[in-house]
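Reader: Could you take me on a close look at the aromatic rings and their surroundings here? I'd enjoy one connected walk through that part.

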Amino acid sequence: MRNVEGECAWWSDQDGWGALRSNDVESEVFAHFSNLSMDGYHTLQPGDRVRFDVEPYPPGQDGYFFRAHDVTPI
């Protein structure tokens, strides 16, 4: 895994997941609410700046081939 900075591309509170983007990753990254490191309700808004660990996810998750861990707003 590598640590990168980026931003929230989109987020669905209803589904509990969304996508992040970073110039250091060649495509958008799947992010689940359980991987958000924050107090209170775990949610993001498009454009929110974040730091996160990213790993390849070969099986794919809803069409994403990278997955985020330890997503922290910055």
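Author: Happy to! A nonpolar core here means a set of buried Ala, Val, Leu, Ile, Met, Phe, Trp, Tyr and Cys residues joined through side-chain atoms within 4.5 Å. In this predicted model, the largest such core has 15 residues, and Leu20, Val29, Leu44, Phe52, Val54, Ala68 and Val71 have the most contacts inside it. Two or more residues come from each of β1 (2-12), β3 (29-32), β4 and β5. A second, separate core has five residues, including Trp17, Ala19, Phe30 and Tyr64.

That brings us to the rings. The structure holds four aromatic pairs. One of them joins Trp10 and Trp17 edge-to-face, at 5.0 Å centre to centre and 65 degrees between the planes. Trp10 is partly exposed, with a relative accessible area of 29%, whereas Trp17 is buried at 15%. Trp17 also pairs with Tyr64: their ring centres are 6.0 Å apart and their planes stand at 80 degrees, so this pair is edge-to-face. Because Trp17 lies in strand β2 (residues 17-21) and Tyr64 in strand β5, the pair ties together parts that are 47 residues apart in sequence. Tyr64 counts as buried because its relative accessibility is 13%, and buried means under 20%. Ring pairs link Trp10, Trp17, Phe30 and Tyr64 into a cluster.

β5 (residues 64-73) pairs with β4 (residues 49-61) in the antiparallel sense over seven bridges, and Asp53 stands opposite His69 in β5. The two strands form a hairpin with two residues between them, and Asp62 in the turn has a positive phi of about 55 degrees.

Notes. Residues are numbered from 1 along each chain as its sequence is written. This is a predicted model: local features need pLDDT of at least 70, side-chain atom pairs count only at pLDDT 80 or more; totals for chains, interfaces and linings use all residues. Side-chain values use heavy atoms; hydrogens and water are left out. Two strands pair if DSSP finds at least two bridges between them. Helices (H or I, at least four residues) and strands (E, at least two) are DSSP runs, numbered from the N terminus. Buried means under 20% relative accessible area, exposed over 50%, partly exposed in between (1.4 Å probe, protein chains only). Rings of Phe, Tyr and Trp (its six-membered ring) pair if their centres lie within 6.5 Å; planes under 30 degrees apart count as stacked, over 60 as edge-to-face and the rest as tilted.
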